[in-house]
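Subject: Structure for you to look at

Hello,

Here is the structure I said I would pass on. Please open it beside this message and follow along; my notes come after it.

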Amino acid sequence: MATDTLSRLMRSSAAFAEDHATTDAVRAAALAEPPTSGADAEPEVKWRTLWLSDIHLGTRDCKAEQLLEFLRHCSADTIYLVGDIIDGWQLKKKGIYWPQAHNDVVQKLLRKARKGTRVVFVPGNHDEFARPYDGLHFGGIEVINQVRHVTADGRTLLIVHGDLFDSVVLYAKWLAHLGDAAYMFSLKLNRWLNHARLKLGLPYWSLSQYLKHKVKAAVNTISSFETLLSDEARRQQCDGVVCGHIHRAELRNEERQIYANCGDWVESLTALVEDHDGHLKLLHWNAGLQVLAELTPQAAGHSVPQPSSAQAVTA
(Lines give C-alpha, C1' and ligand atoms only; values in the text may rest on other atoms or scores of the structure.)
Protein backbone atom coordinates (compact mmCIF):
# COMPACT_ATOMS: atom_id res chain seq x y z
CA MET A 1 0.00 0.00 0.00
CA ALA A 2 2.83 2.40 0.86
CA THR A 3 4.48 1.69 -2.49
CA ASP A 4 1.23 2.36 -4.33
CA THR A 5 0.73 5.61 -2.45
CA LEU A 6 4.32 6.67 -3.13
CA SER A 7 3.79 6.11 -6.85
CA ARG A 8 0.65 8.25 -6.89
CA LEU A 9 2.17 11.08 -4.90
CA MET A 10 5.27 11.07 -7.10
CA ARG A 11 3.10 11.43 -10.20
CA SER A 12 0.89 14.03 -8.57
CA SER A 13 3.63 16.19 -7.09
CA ALA A 14 5.58 16.17 -10.35
CA ALA A 15 3.14 18.78 -11.61
CA PHE A 16 4.46 21.18 -8.97
CA ALA A 17 8.12 20.77 -9.89
CA GLU A 18 8.73 24.51 -10.02
CA ASP A 19 8.05 24.74 -6.26
CA HIS A 20 10.80 22.35 -5.13
CA ALA A 21 10.56 22.85 -1.38
CA THR A 22 6.82 22.26 -1.29
CA THR A 23 7.05 19.32 -3.70
CA ASP A 24 9.76 17.61 -1.63
CA ALA A 25 7.77 17.98 1.56
CA VAL A 26 4.55 16.64 0.04
CA ARG A 27 6.38 13.77 -1.64
CA ALA A 28 7.89 12.87 1.75
CA ALA A 29 4.38 12.19 3.01
CA ALA A 30 4.40 8.93 1.04
CA LEU A 31 7.51 7.50 2.71
CA ALA A 32 5.67 5.98 5.65
CA GLU A 33 1.99 5.21 5.84
CA PRO A 34 0.75 4.37 9.34
CA PRO A 35 -1.28 1.17 9.71
CA THR A 36 -5.03 1.46 9.57
CA SER A 37 -6.54 1.43 13.05
CA GLY A 38 -9.93 0.28 14.17
CA ALA A 39 -10.98 3.93 14.41
CA ASP A 40 -10.20 4.31 10.69
CA ALA A 41 -12.43 1.35 9.85
CA GLU A 42 -15.36 2.45 12.01
CA PRO A 43 -15.57 6.24 12.44
CA GLU A 44 -17.75 7.22 15.36
CA VAL A 45 -19.51 10.11 13.60
CA LYS A 46 -20.54 10.21 9.93
CA TRP A 47 -21.36 13.52 8.25
CA ARG A 48 -22.65 14.41 4.82
CA THR A 49 -20.03 17.15 4.39
CA LEU A 50 -16.91 18.27 6.23
CA TRP A 51 -15.01 21.53 5.71
CA LEU A 52 -11.44 22.06 6.97
CA SER A 53 -9.22 25.07 6.40
CA ASP A 54 -5.89 26.58 7.45
CA ILE A 55 -4.17 23.41 8.63
CA HIS A 56 -0.73 24.84 7.74
CA LEU A 57 1.15 21.57 7.37
CA GLY A 58 4.86 22.34 7.38
CA THR A 59 4.76 24.68 10.38
CA ARG A 60 5.63 23.94 14.00
CA ASP A 61 2.30 25.25 15.26
CA CYS A 62 0.13 22.98 13.09
CA LYS A 63 -1.90 20.74 15.40
CA ALA A 64 -1.52 17.67 13.19
CA GLU A 65 -1.88 15.15 16.02
CA GLN A 66 -5.22 16.64 17.10
CA LEU A 67 -6.40 16.77 13.49
CA LEU A 68 -5.58 13.09 13.08
CA GLU A 69 -7.66 12.31 16.17
CA PHE A 70 -10.53 14.32 14.69
CA LEU A 71 -10.27 12.57 11.30
CA ARG A 72 -10.24 9.16 12.99
CA HIS A 73 -13.38 10.13 14.87
CA CYS A 74 -15.23 11.55 11.83
CA SER A 75 -15.98 10.57 8.26
CA ALA A 76 -17.93 12.36 5.52
CA ASP A 77 -19.29 11.76 2.05
CA THR A 78 -17.48 14.92 0.89
CA ILE A 79 -14.50 16.73 2.43
CA TYR A 80 -13.63 20.27 1.33
CA LEU A 81 -10.09 21.44 2.10
CA VAL A 82 -10.64 25.19 2.10
CA GLY A 83 -7.11 26.47 1.57
CA ASP A 84 -3.79 26.83 3.41
CA ILE A 85 -3.63 23.09 3.92
CA ILE A 86 0.10 23.06 3.15
CA ASP A 87 2.08 26.15 4.12
CA GLY A 88 4.16 26.70 0.99
CA TRP A 89 5.43 30.04 2.33
CA GLN A 90 7.16 28.31 5.25
CA LEU A 91 8.36 25.36 3.18
CA LYS A 92 10.18 27.69 0.80
CA LYS A 93 12.36 28.84 3.69
CA LYS A 94 15.50 27.06 4.86
CA GLY A 95 15.13 24.41 7.51
CA ILE A 96 11.99 22.59 6.31
CA TYR A 97 9.83 21.27 9.13
CA TRP A 98 7.80 18.20 8.15
CA PRO A 99 7.39 15.62 10.95
CA GLN A 100 5.72 12.22 10.72
CA ALA A 101 2.38 13.56 11.96
CA HIS A 102 2.19 15.84 8.91
CA ASN A 103 2.84 12.80 6.69
CA ASP A 104 0.05 11.01 8.49
CA VAL A 105 -2.47 13.79 7.82
CA VAL A 106 -1.73 13.63 4.08
CA GLN A 107 -2.00 9.83 4.16
CA LYS A 108 -5.27 9.98 6.07
CA LEU A 109 -6.84 12.26 3.44
CA LEU A 110 -5.52 10.12 0.58
CA ARG A 111 -6.89 7.02 2.26
CA LYS A 112 -10.32 8.59 2.67
CA ALA A 113 -10.29 9.50 -1.04
CA ARG A 114 -9.36 5.91 -1.92
CA LYS A 115 -12.24 4.58 0.14
CA GLY A 116 -14.82 6.65 -1.72
CA THR A 117 -14.90 10.03 0.01
CA ARG A 118 -14.97 12.93 -2.42
CA VAL A 119 -12.08 15.19 -1.40
CA VAL A 120 -11.99 18.69 -2.94
CA PHE A 121 -8.97 20.95 -2.44
CA VAL A 122 -9.67 24.70 -2.76
CA PRO A 123 -6.19 26.30 -2.63
CA GLY A 124 -5.42 29.36 -0.51
CA ASN A 125 -2.65 31.92 -0.59
CA HIS A 126 -0.19 29.72 1.35
CA ASP A 127 -0.70 26.84 -1.09
CA GLU A 128 -1.29 28.96 -4.18
CA PHE A 129 1.17 26.72 -6.08
CA ALA A 130 -1.86 24.47 -6.75
CA ARG A 131 -4.07 27.14 -8.33
CA PRO A 132 -2.78 26.68 -11.91
CA TYR A 133 -4.05 23.09 -11.75
CA ASP A 134 -7.71 24.00 -11.33
CA GLY A 135 -9.89 21.10 -12.49
CA LEU A 136 -7.23 18.40 -12.24
CA HIS A 137 -7.15 15.36 -9.94
CA PHE A 138 -4.11 14.32 -7.89
CA GLY A 139 -4.15 11.10 -5.88
CA GLY A 140 -7.95 11.11 -6.00
CA ILE A 141 -8.17 14.69 -4.73
CA GLU A 142 -9.84 17.32 -6.93
CA VAL A 143 -8.26 20.78 -7.21
CA ILE A 144 -10.93 23.47 -7.69
CA ASN A 145 -10.21 27.15 -7.08
CA GLN A 146 -13.84 28.02 -6.38
CA VAL A 147 -16.71 25.60 -5.95
CA ARG A 148 -20.38 25.56 -4.99
CA HIS A 149 -21.95 23.09 -2.60
CA VAL A 150 -25.66 22.29 -2.41
CA THR A 151 -26.76 21.30 1.09
CA ALA A 152 -29.22 18.49 1.83
CA ASP A 153 -32.02 21.07 2.22
CA GLY A 154 -31.23 22.77 -1.10
CA ARG A 155 -29.17 25.80 -0.10
CA THR A 156 -26.20 26.74 -2.30
CA LEU A 157 -22.94 27.69 -0.60
CA LEU A 158 -20.00 29.36 -2.31
CA ILE A 159 -16.70 27.84 -1.14
CA VAL A 160 -13.53 29.93 -1.41
CA HIS A 161 -10.46 30.31 0.77
CA GLY A 162 -11.02 34.07 1.01
CA ASP A 163 -7.58 35.58 0.41
CA LEU A 164 -8.75 37.12 -2.87
CA PHE A 165 -11.02 39.34 -0.77
CA ASP A 166 -8.14 40.47 1.44
CA SER A 167 -6.80 43.78 0.14
CA VAL A 168 -3.42 43.24 1.83
CA VAL A 169 -2.87 39.92 0.05
CA LEU A 170 -4.07 41.37 -3.26
CA TYR A 171 -2.30 44.71 -3.35
CA ALA A 172 0.62 44.51 -0.90
CA LYS A 173 1.87 40.93 -0.86
CA TRP A 174 5.09 41.98 0.81
CA LEU A 175 3.00 43.27 3.69
CA ALA A 176 1.10 39.97 3.80
CA HIS A 177 4.43 38.13 4.14
CA LEU A 178 5.49 40.58 6.84
CA GLY A 179 2.23 40.00 8.66
CA ASP A 180 2.72 36.24 8.34
CA ALA A 181 6.20 36.55 9.87
CA ALA A 182 4.76 38.59 12.74
CA TYR A 183 2.02 35.99 13.26
CA MET A 184 4.56 33.15 13.32
CA PHE A 185 6.62 35.11 15.86
CA SER A 186 3.54 35.60 18.06
CA LEU A 187 2.91 31.85 17.88
CA LYS A 188 6.49 31.19 18.97
CA LEU A 189 6.02 33.54 21.92
CA ASN A 190 2.75 31.77 22.59
CA ARG A 191 4.54 28.41 22.85
CA TRP A 192 6.99 29.76 25.42
CA LEU A 193 4.26 31.56 27.35
CA ASN A 194 1.98 28.53 27.53
CA HIS A 195 4.87 26.26 28.50
CA ALA A 196 5.34 28.51 31.54
CA ARG A 197 1.59 28.63 32.18
CA LEU A 198 1.43 24.83 32.07
CA LYS A 199 4.10 24.60 34.77
CA LEU A 200 2.05 27.00 36.88
CA GLY A 201 -1.08 24.92 36.37
CA LEU A 202 -2.78 27.57 34.23
CA PRO A 203 -4.92 26.80 31.15
CA TYR A 204 -3.95 27.49 27.53
CA TRP A 205 -4.16 31.15 26.49
CA SER A 206 -3.79 32.50 22.94
CA LEU A 207 -1.66 35.61 22.53
CA SER A 208 -2.57 36.07 18.86
CA GLN A 209 -6.28 35.77 19.67
CA TYR A 210 -5.92 38.41 22.37
CA LEU A 211 -4.11 40.77 19.98
CA LYS A 212 -6.73 40.35 17.26
CA HIS A 213 -9.51 41.24 19.68
CA LYS A 214 -7.66 44.21 21.12
CA VAL A 215 -6.27 45.82 17.96
CA LYS A 216 -9.06 47.89 16.44
CA ALA A 217 -7.61 47.79 12.93
CA ALA A 218 -7.61 43.98 13.01
CA VAL A 219 -11.24 43.89 14.12
CA ASN A 220 -12.25 46.29 11.34
CA THR A 221 -10.33 44.25 8.76
CA ILE A 222 -12.11 41.04 9.82
CA SER A 223 -15.50 42.76 9.63
CA SER A 224 -14.74 44.12 6.15
CA PHE A 225 -13.55 40.67 5.01
CA GLU A 226 -16.76 39.01 6.17
CA THR A 227 -18.92 41.66 4.50
CA LEU A 228 -17.09 41.37 1.17
CA LEU A 229 -17.45 37.60 1.09
CA SER A 230 -21.16 37.73 1.95
CA ASP A 231 -21.68 40.31 -0.78
CA GLU A 232 -19.87 38.09 -3.30
CA ALA A 233 -22.08 35.14 -2.38
CA ARG A 234 -25.15 37.29 -2.99
CA ARG A 235 -23.72 38.49 -6.31
CA GLN A 236 -23.31 34.86 -7.37
CA GLN A 237 -26.87 34.13 -6.22
CA CYS A 238 -25.72 31.78 -3.46
CA ASP A 239 -27.34 31.37 -0.06
CA GLY A 240 -24.07 31.77 1.76
CA VAL A 241 -20.31 31.38 1.79
CA VAL A 242 -17.83 29.00 3.42
CA CYS A 243 -14.27 30.28 3.77
CA GLY A 244 -11.12 30.28 5.89
CA HIS A 245 -8.05 32.54 5.73
CA ILE A 246 -8.51 34.79 8.79
CA HIS A 247 -8.31 32.01 11.43
CA ARG A 248 -11.57 33.10 13.03
CA ALA A 249 -14.18 30.35 13.28
CA GLU A 250 -17.74 31.62 12.75
CA LEU A 251 -21.18 30.35 11.77
CA ARG A 252 -24.15 32.68 11.50
CA ASN A 253 -27.11 33.63 9.35
CA GLU A 254 -27.88 37.31 8.87
CA GLU A 255 -30.52 38.57 6.45
CA ARG A 256 -30.96 34.95 5.26
CA GLN A 257 -27.31 34.86 4.17
CA ILE A 258 -25.02 32.24 5.72
CA TYR A 259 -21.47 33.17 6.68
CA ALA A 260 -19.29 30.24 7.75
CA ASN A 261 -15.58 30.32 8.48
CA CYS A 262 -13.95 26.96 9.22
CA GLY A 263 -11.37 28.45 11.58
CA ASP A 264 -7.98 26.73 11.65
CA TRP A 265 -5.84 23.90 13.01
CA VAL A 266 -3.14 26.15 14.43
CA GLU A 267 -5.04 27.41 17.46
CA SER A 268 -8.82 27.13 17.04
CA LEU A 269 -9.02 23.38 16.17
CA THR A 270 -12.38 23.88 14.48
CA ALA A 271 -14.27 22.44 11.52
CA LEU A 272 -17.60 22.97 9.79
CA VAL A 273 -19.87 20.00 9.13
CA GLU A 274 -23.25 19.26 7.56
CA ASP A 275 -25.41 16.32 8.58
CA HIS A 276 -27.69 14.39 6.22
CA ASP A 277 -30.67 16.62 7.07
CA GLY A 278 -28.87 19.86 6.19
CA HIS A 279 -27.93 21.00 9.72
CA LEU A 280 -24.72 23.04 9.66
CA LYS A 281 -22.55 22.81 12.76
CA LEU A 282 -19.35 24.52 13.81
CA LEU A 283 -17.30 22.01 15.81
CA HIS A 284 -14.37 22.36 18.18
CA TRP A 285 -12.11 19.37 18.84
CA ASN A 286 -10.57 18.90 22.27
CA ALA A 287 -10.25 15.13 22.73
CA GLY A 288 -13.92 15.10 21.77
CA LEU A 289 -16.47 17.08 19.77
CA GLN A 290 -18.03 20.29 21.04
CA VAL A 291 -20.70 22.15 19.05
CA LEU A 292 -20.00 25.88 19.04
CA ALA A 293 -22.84 27.01 16.77
CA GLU A 294 -25.56 25.44 14.62
CA LEU A 295 -27.91 26.44 11.80
CA THR A 296 -31.11 24.46 11.31
CA PRO A 297 -32.17 23.16 7.88
CA GLN A 298 -34.17 25.42 5.59
CA ALA A 299 -37.13 23.02 5.74
CA ALA A 300 -37.43 23.71 9.47
CA GLY A 301 -37.99 27.41 8.87
CA HIS A 302 -35.58 30.30 8.63
CA SER A 303 -32.17 29.11 9.77
CA VAL A 304 -31.07 30.77 12.97
CA PRO A 305 -28.10 30.04 15.21
CA GLN A 306 -28.99 27.68 18.05
CA PRO A 307 -27.78 28.57 21.54
CA SER A 308 -24.64 26.82 22.70
CA SER A 309 -22.89 26.70 26.01
CA ALA A 310 -19.59 27.46 24.29
CA GLN A 311 -18.57 30.71 22.65
CA ALA A 312 -17.30 30.81 19.08
CA VAL A 313 -13.61 29.97 18.92
CA THR A 314 -11.37 32.62 17.40
CA ALA A 315 -7.64 32.77 16.91
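Helices and strands here are DSSP runs, numbered from the N terminus, a helix having at least four residues and a strand at least two. Please keep in mind that this is a predicted model.

In general, an α-helix has 3.6 residues a turn, so residues three or four places apart point the same way. The side chains of Arg235 and Glu232 form a salt bridge, with 2.7 Å from N to O. Glu232 is buried, at 14%, because buried means under 20% relative accessible area.

Other salt bridges

The count of salt bridges comes to 11. As a general point, side chains of opposite charge can pair when their charged atoms come close.

One of the bridges is between the side chains of Glu142 and Arg118, at 2.8 Å from N to O. This pair links distant parts of the chain: Glu142 belongs to strand β5 and Arg118 to strand β3, and they are 24 residues apart. Glu142 is buried at 15% relative accessibility, whereas Arg118 is partly exposed at 33%.

Another bridge joins the side chains of Glu254 and Arg252, with an N to O distance of 3.3 Å. Which residues make up the network of salt bridges that share partners? They are Glu226, Arg248, Glu250, Arg252 and Glu254. Within this pair, Glu254 is partly exposed, with a relative accessible area of 48%, and Arg252 is buried, with 17%.

In soluble globular proteins, nonpolar side chains tend to be buried together. In this model the largest nonpolar core has 39 residues, and the ones that touch the most other members are Leu50, Leu52, Leu57 and Phe70. Two or more residues each come from β1, α4, β2 (74-81), α6, β3 (118-121), β5 (141-143), β11 (270-274) and β12 (280-285). Which element gives the largest share of this core? Helix α6 does, with six residues. Another core lies apart from this one; it has 21 residues, among them Val120, Val122, Ile159 and Leu280.

Setting aside neighbours within four places in sequence, Leu57 is in contact with Cys62, Ile85, Ile86, Asp87, Trp98, His102, Val105 and Val106.

Helix α6 itself

Helix α6 runs over residues 100-114, which makes 15 residues. From its first C-alpha to its last, α6 reaches 21 Å, close to the 21 Å expected at 1.5 Å a residue. Of its 15 residues, 13 are buried, so the helix is mostly covered. Gly116 follows α6 and has a positive phi, near 110°.

Charged residues in loops

Asp61 is found in the loop between β1 (45-52) and α4 (64-73). Its relative accessible area is 6%, so Asp61 is buried. In sequence, Asp61 and Glu267 are 206 residues apart, yet in space the two are 8.0 Å apart, C-alpha to C-alpha.

Asp163 is in the loop between β7 (156-159) and α7 (167-171). Is Asp163 buried or exposed? Asp163 counts as buried, because its relative accessibility is 2%. The side chains of Asp163 and Arg131 are joined by a polar contact of 2.6 Å.

Two histidines with positive phi

The loop between β8 (240-243) and β9 (250-254) holds His245. The phi of His245 is near 80°, a positive value in a residue other than glycine. His247 lies in the loop between β8 and β9 as well. Its phi is also positive, near 55°, again in a residue other than glycine. His245 is buried at 12% relative accessibility, and His247 is buried at 5%.

That is what I have.

Regards

How values were computed
Residues numbered from 1 in each chain as written. Predicted model: local features only at pLDDT ≥ 70, side-chain atom pairs only at ≥ 80, totals over all residues. Heavy atoms only, no water. Buried < 20%, exposed > 50% of the residue type's maximum accessible area, 1.4 Å probe, protein only. Polar contact = N/O pair within 3.5 Å; in protein donor to acceptor, adjacent residues only side chain to side chain. Expected span 1.5 Å × (residues − 1). Core = buried A, V, L, I, M, F, W, Y, C linked by side-chain atoms within 4.5 Å. Contact = heavy atoms within 4.5 Å. Salt bridge = Lys/Arg side-chain N within 4 Å of Asp/Glu carboxyl O.
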